[in-house]
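Keep the structure open while you read.

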Amino acid sequence: MQWNRRDFVQTMLGAPFALTLSFTQAKRMAARETTDAGVSIPEIQEGEDLFAYIERVKGAFDPILYRQILGAANEFKEGDQMIGVAAVDQRSRDNARQLIERTRIQDLNVNPVFEDELHQLIVQGQSSEAHDRAAKLTVGELKQLLLTQNEAAIKAVAPGLSSDVIGCVVKLMSQQELIAVGAKVFNPLPGSQIGAKDYLGARIQPNSPTDNPDDIFWQVLDGWSYAVGDVVLGTNPVSSEPESVRAVELVLRDLLVTFGVEDVMPHCVLSHIDVQAEVERQSPGSTALWFQSIAGSDDANKTFDISLKKMRDYARSRTGKYGLYFETGQGADFTNGHSHGFDMVLHESRKYGFARALTHEVAAAQKAAGKTPAPWVHLNDVAGFIGPEVFRTREQLVRCCLEDIVMGKLHGLTIGLDVCSTLHMDVSLDDLDWCLDQIMPANPAYLMALPTKIDPMLGYLTTGFQDHVRIREKFGTRVNDAMWAFFQKLAVIDADGKPTQHFGDPTWVYLQYRRKKGDTRSDAAIIKAGRQQLAEIRKRGVFIAEGFGQKPSELNPALKIEIDQIYQDAKKSIWAELSPTFVAGVPSVVPVKTQSNDRLEYILHPTTGELLSNESQTAVQQLRQQYGDKYNVQIVISDGLNALSIMDEGQLEPFLKELRSQLQTAGFRPAEQNIVVRSGRVRAGYRIGETLFGGLVDNRAILHIIGERPGTGHHTFSVYMTSPPGSVWGQAGQVDHNITRVVSGIATTALKPTHAAQDTVRILQQMNLG
């Protein structure tokens, strides 16, 4: 399948009282775990470095202890604790840092934290001259160089630093030290000020729950009305079908071309890179910047259905102005079962090493094509996109962002941030403002930009258009010069950069668009038509900001009330559970449950929701005996992170009815039973498939209906389709996200359940045809 990291953003929260109670309990649980488990380093000897300590304690080099010490040096995060590499206490953390501080870079280089093909590629991407210059330094001396030397001196050394070394040095830094380094190292995109000192760019993220062109179009106009949006117009698609992706690409391209800024900023649909390449093959010129999520090891990259060869081949094809766009984030590796025993900071650093190597490939390709190397490549760190199993608090979110900014800059990257929170983290709408204030002094290249803080499709919390206005007011940051001139020409800001009467008025921008298209209607007629379109968009639950509060940086009061209400509904959704009455009413129901004992454990320990309880596993084994090889489709229904979306009237029932009708018409043999999973996650469906279909002939499909993405203003569910042969199902753990397809955003107020059922069967037929 073409699986994107964004497909893991399956959010959100619960009722206000339940949230307070649960996180109080969670913190107590965390305190107990911290005293009972983790890495203990009670004492070290004078002058002892990391390798001398291991030799003394173990008698020889021990890779497990090596990784544990590296992880213990991190500021505490739940994700490190889950894999057993977090320090048991502050004394152990301080001792781990001292051991690393005394260790020579050359010794770290000959003892990589993890060896695979990606490690070799990262090493090849280092500058040999700079490598030799840094090798004899200790990590502590490198830290002092970064803090005391200027940008030129840092850039003379940084290209020779391995990703392991860069990941280690940030472990030694305080928040203020990370800010100090971030504030003096800059890697702007070629021919622009994106990523330059005192500039803060914006990726407009005009997501739609249904990939509706009008939703996408108007969100871009909305951003531009606030003088926001200068890095990329980047949409996360609901559908990854090439035809749908192409349609969205053309909407975005049309906006840029119509206003004459296509050479200033690119557009991008964040589908899998294979899909983008196919769209470009079918419709040359329809795409611009190409996107891909990347991971920190070969195994983790397979989850995204990519390999080093595939990515290097794509990089070598990018000889035009716009190259590649990557997204990463701490925690994605271990949550997909690929921790390899080392911590999240080092995984993240290796992703930046991957991006650095691919940037070199783009530059070499441009040079080979007879062009001056100027790789337009940037990376967006989506910090906070997974949930409380990675980290829970606003303080941890800030720490993560600061670590990643410095690691990205030391890798020579233009690095932006999605400072975000899923709604089951202990980070509120107001907390995000506080986080931004702590992070901005480190000068990330850009942030996300949406009409409000809530994404209407993904349903997570991030940065709104007016957050950018507030940051400009508070920190004096600037927009890329060419786009700032465009905003002045658009007359939403004046020659002094002050808001005009048209500031925050997307219908004004629409009027300019229609005039560019040669529309001769009166201004009043065009604006009336625009207002009608806006009304339709709002009926679909897509937010459009207009005007402002007491200051240009404040959300319109009426819209703020609406967002607060959606936020509270999202809290209810995430803590809701399927009621016994509802489960009993599902036709031919087989109720099962996972190993999550309660909702709190399900949220804080996601792996418990991936495996069935022993009793439930026995029930599924009994189904296998009843079925034999009679059926080739099994429907599974889980509450996921939004049980309300499954239980709401008019949602599941029409979907199931149409789905079964379409399956039978298409010649499939669906089992009559519906397996309903309490506290189920996507991988629970894979485990059910292994039991039901392992060893059978031909393709066998699990269609997993699961509640997702509260916070969008809709109660939406998705269906995950997995249909390998029985021989693949028979290999435990082999089936995973990389061979799964998804239809998402299903609700009476979004993608209609009956239409979604038709899409599901059509895609399933395509999957079985290969």
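Glutamate 348 and lysine 351 form a salt bridge, with their closest N and O atoms 3.1 Å apart. The term salt bridge is used here for a side-chain nitrogen of Lys or Arg within 4 Å of a carboxyl oxygen of Asp or Glu. Side chains of opposite charge can pair when their charged atoms come close. By this rule, the count comes to 42 salt bridges. Three of them are set out below.

| Salt bridge | N to O distance |
|---|---|
| Glutamate 348 and lysine 351 | 3.1 Å |
| Glutamate 48 and arginine 56 | 2.7 Å |
| Arginine 741 and glutamate 241 | 2.1 Å |

Before going on, a word about where the values come from. This is a predicted model, in which local features need pLDDT of at least 70 and side-chain atom pairs count only at pLDDT 80 or more, while totals for chains, interfaces and linings use all residues. Residues are numbered from 1 along each chain as its sequence is written, and side-chain values use heavy atoms, leaving out hydrogens and water.

Look again at the pair of glutamate 48 and arginine 56. Are these two residues buried or exposed? Buried means under 20% relative accessible area, exposed over 50%, and partly exposed in between (1.4 Å probe, protein chains only). Glutamate 48 has 6% relative accessibility, so this residue counts as buried. Arginine 56, at 33%, counts as partly exposed.

Now step back to the domains. An automatic or database domain assignment divides the protein chain into domain 1 (35-176), domain 2 (178-562) and domain 3 (576-768). The C-alpha centres of domain 2 and domain 3 are 32 Å apart. Their contact (heavy atoms within 4.5 Å) takes 22 residues from domain 2 and 22 residues from domain 3. Between them, domain 2 and domain 3 bury about 1600 Å², 51% of it on carbon and sulfur atoms. Buried area is the accessible area (1.4 Å probe) that two parts lose on being put together, summed over both. Glu241, Glu389 and His424 supply 26% of the area that domain 2 buries against domain 3, more than any other three residues. The count between domain 2 and domain 3 is one salt bridge.

Finally, how many disulfides does the whole structure hold? A search finds zero, a disulfide being a pair of cysteine sulfur atoms within 2.5 Å. The cysteine sulfur nearest to that of cysteine 400 belongs to cysteine 401, 5.4 Å away. Cysteine 400 is buried, at 0% relative accessibility, and cysteine 401 is buried with a relative accessible area of 0%.
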